[in-house]
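Here are a few friendly notes to read alongside the model. Take them in order, with the structure open beside you.

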Amino acid sequence: MEIIPAILPKSLEELNAKISLVANEVDVIQIDICDGVFVENKTVDFDFLPHQEEVEFELDLMVKNAKDDFDKYLALNPKRIIFHLEAEEGLKEFIETLDPEIRDKVEIGVAINTTTLIKKLKSLLNVVDFIQCMGIKKIGVQGQPFDKKVLEHISELKREITLSVDGGVNKESIELLDVDRLVIGSYIFNNKNPVGVIKSLV
């Protein structure tokens, strides 16, 4: 399983510092972007990502109607962009109209909450590259407890598409997760030795 550190930046200094800590240990880092509308948290605004010569990024858009600002996020040169199903209207149609060159360059994923009904996702499975299953009840806040309801989503989806789990991932919950990617925030960055944590999980 690929380990992807997740950063929910409250300042540009925090963003740069946390990227610097782990950029040489992983291939991809997730940056959480929160608008204070879809989720209560609001992250710092930024127009570039440092350390792009060392590591690639995925953007987790916890933003209401993030697709309306797609060009802004695309300008950050991410490897992956993640929309939240509950935050968007007309997401399938939007993805289907993206330029093929963009689709070749950027992976598009969709995130679902632990309460999301899988039937709401079915029409998207053939237009996105992966699904991010949230492993916590309250999104946009790091350090939340693991919600075992995500295991039901994994069981239903794991044979159909590449899966990530984001939220509540630690040394105990990882034993339950049969997925392709693990997105981990507080368990890595609240430790005095973030690099050591990553190495212990790989």
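1. A definition to begin with: a contact means heavy atoms within 4.5 Å. With that in hand, look at the contacts in the protein chain that have a separation of 6 or more: 64% of them join residues 24 or more positions apart. Please keep in mind that this is a predicted model.

2. Next, the overall make-up. The protein chain holds seven helices and eight strands. Its radius of gyration is 16 Å, close to the 17 Å from the globule rule for 202 residues, so the chain is as compact as a globular protein of that length. Along the principal axes, the C-alpha atoms fill a box of roughly 45 × 35 × 30 Å.

3. How much of the chain is buried? Of the 202 residues, 53% count as buried. The protein chain exposes about 9,600 Å², and carbon and sulfur atoms supply 45% of that area.

4. A word on charge. There are 24 positive and 37 negative side chains in the protein chain. The centres of these two sets lie 6 Å apart.

5. Strand β3 deserves a look of its own. This strand covers residues 56-62, and six of its seven residues are buried. On one hand, β3 pairs with strand β2 (residues 28-34) in the parallel sense over seven bridges. On the other, β3 pairs with strand β4 (residues 80-84), also in the parallel sense, over four bridges.

6. Histidine 51, in the loop between β2 and β3, has a phi near 65°, a positive value in a residue other than glycine. Histidine 51 has a relative accessible area of 18%, which is under 20%, so this residue counts as buried. Asparagine 65 sits in the loop between β3 and α2 (70-74); its phi is positive too, about 50°, although it is not a glycine. With 24% relative accessibility, asparagine 65 counts as partly exposed.

7. Last, is aspartate 104 buried or exposed? Aspartate 104 belongs to helix α4 (residues 100-105) and is exposed, with a relative accessible area of 72%. From aspartate 104 to leucine 124 is 20 residues in sequence and 18 Å in space, C-alpha to C-alpha.

Conventions. Residues numbered from 1 in each chain as written. Predicted model: local features only at pLDDT ≥ 70, side-chain atom pairs only at ≥ 80, totals over all residues. Heavy atoms only, no water. Helix = DSSP H or I, 4+ residues; strand = E, 2+ residues; numbered from the N terminus. Rg over C-alpha atoms; globule rule 2.2 N^0.38 Å. Buried < 20%, exposed > 50% of the residue type's maximum accessible area, 1.4 Å probe, protein only. Areas by Shrake-Rupley, 256 points an atom, 1.4 Å probe, with all protein chains shown as cover. Lys, Arg positive; Asp, Glu negative; His and termini not counted. Charge placed at Lys NZ, Arg CZ, Asp CG, Glu CD. Pairing = 2+ DSSP bridges.
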